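Please take a moment to look over the chain as a whole before turning to single residues.

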Amino acid sequence: MSYRVTLVPGDGIGPEVTEAARKVAAATGIEIEWEVVNAGEAAIAAKGTPLPDEVLDSIRKNRLALKGPITTPIGGGFRSVNVALRQQLDLYASVRPARAIAGEGTRFPETDLVVVREATEGLYSGVEHWVDREHNAAESVNVVTRKASERIIRYAFEYARVHGRKHVTAVHKANILKTTGALFQAVFREVAPRYPEITADERLIDNMCMQLVKKPAEYDVIVTTNLFGDILSDLCAGLAGGLGVAPGALIGESVAVFEPVHGSAPKYAGQDKANPVAEILCVELLLRHLGETEAADRVWRAVWETIAEKKVVTYDLALPGYTERPVPPSSCSAMAREIARKVPLVDLKAPAPRPRASTASSTGDPNLET
Ligand code: NAD
């Protein structure tokens with residue numbers, strides 16, 4: 001079976017890392033026809049707008065997209081292509097797996113969790129204003145609805161079911177946010193019993209941050225509102241090894257867009273230097289989304305083996321933290337070639353590499369721990 005997928009190369013390092021991801025996708029043998037459309041700086045130069053209609057049309061038609069990062073100009077200019085894409089395509093779930101690869105680049109080699117963030121409302125609804133003319137006071141409205149809460153919470157449980165994950169944790173601040181937090185909490189308590197095979201619990205956001213940096217292995221799927229999810233997903237990317245290895249997915253009712261957590265890193269643009277792993281792992285997520293599990297497993301293992309071997313890795317993976325002794329850094333394209341070379345050679349019968357098992361033990365009710 002062949003698939004048609006929209007490809008948005010993006011800005012800065014985007015074209016290099018998406019090219020790397022295409023190379024690895026091709027090595028899986030899965031036929032993907034890429035429909036390349038430009039958003040961001042290239043689109044402004046060619047069409048005078050950062051998000052031409054053809055980008056949205058292509059994604060709506062193909063229902064799948066692989067995207068590179070897009071620069072958001074500071075100050076004036078357009079707001080954000082990324083925000084506009086989310087709104088126009090109603091991409092309501094931001095899904096970010098945080099899996100420590102080969103135990104490298106992290107003090108938390110056991111990290112293996114997924115943050116599912118509601119991405120349409122909360123404090124990012126855009127309902128905000130200055131209270132006075134002098135701009136000495138401002139208000140932002142935190143919009144939480146039953147409909148959006150139920151949609152994201154159900155998505156988190158369905159995700160857990162499909163991906164063999166066993167536990168879902170809701171993160172909120174219902175003790176202080178007596179309406180918005182309490183509504184999200186109430187909906188979670190309604191939805192969770194519909195998935196009896198998956199255990200469920202809750203954490204307050206402040207406590208969750210502390211728990212995550214003490215014992216991330218105790219968490220599996222985390223579901224939360226927009227702002228808390230934005231912060232937690234970056235925190236978890238850090239736990240699992242950093243921006244260079246953190247992929248993400250934006251899920252809507254009918255479309256899915258896969259993009260790395262990192263931005264366009266303009267200072268490395270055109271240098272063939274950036275780490276391609278986050279974008280390559282977006283291909284892994286795309287393949288899993290398509291049900292192409294074997295191909296996805298091959299990509300995951302090839303990335304794992306390449307990082308564990310530490311022979312052909314980009315500059316950031318060649319530094320202490322990832323290696324005991326610094327190794328000569330390879331280029332973005334060389335690392336992609338190495339991962340692609342390994343993809344067909346992967347032994348799927350061998351035990352799958354996993355983040356290391358935790359040695360941490362639970363200490364009762366974490367909400368009571370300080
Ligand atoms: P950034 O992620 O681009 O860079 C942060 C740091 O990480 C920099 O030092 C950068 O060089 C490094 N880095 C990032 N990705 C890397 C990679 N693959 N390999 C090696 N090093 C890497 O974040 P920023 O500097 O805050 O943002 C730059 C631009 O990207 C901004 O315009 C921002 O709005 C945009 N951005 C876009 C997206 C997106 O398109 N989804 C996400 C985040 C930021």
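The model is a predicted one, in which local features need pLDDT of at least 70 and side-chain atom pairs count only at pLDDT 80 or more, while totals for chains, interfaces and linings use all residues. Residues are numbered from 1 along each chain as its sequence is written, and side-chain values use heavy atoms, with hydrogens and water left out.

The protein is divided into domain 1, made of residues 2–107 together with 241–368, and domain 2, which covers 140–227; these bounds come from an automatic or database domain assignment. The centres of domain 1 and domain 2, taken over C-alpha atoms, are separated by 25 Å. The protein contains 11 helices and 12 strands, where helices (H or I, at least four residues) and strands (E, at least two) are DSSP runs numbered from the N terminus.

Along its principal axes, the C-alpha trace spans about 55 × 55 × 40 Å. The radius of gyration of the protein is 21 Å, which agrees with the value near 21 Å that a compact globule of 370 residues would have; the radius is taken over C-alpha atoms, and the globule rule is 2.2 Å times the number of residues to the power 0.38.

Of the 370 residues, 55% count as buried, a term that means under 20% relative accessible area, with exposed set at over 50% and partly exposed in between (1.4 Å probe, protein chains only). Among contacts (heavy atoms within 4.5 Å) between residues at least 6 apart in sequence, 75% join residues at least 24 apart.

Two residues show how such burial and contacts look in detail. Leucine 281 lies in helix 9, which runs over residues 277–289, and it counts as buried because its relative accessibility is 1%. Leaving aside neighbours within four places in sequence, leucine 281 is in contact with Arg99, Ile101, Val245, Pro247, Trp300 and Val303. The C-alpha atom of leucine 281 is also 8.1 Å from that of proline 260, although the two residues are 21 residues apart along the chain.

Lysine 342 is found in helix 11, which covers residues 332–342. With a relative accessibility of 4%, lysine 342 therefore counts as buried. If residues up to four places away in sequence are not counted, lysine 342 touches Ala302, Glu305, Thr306 and Glu309.
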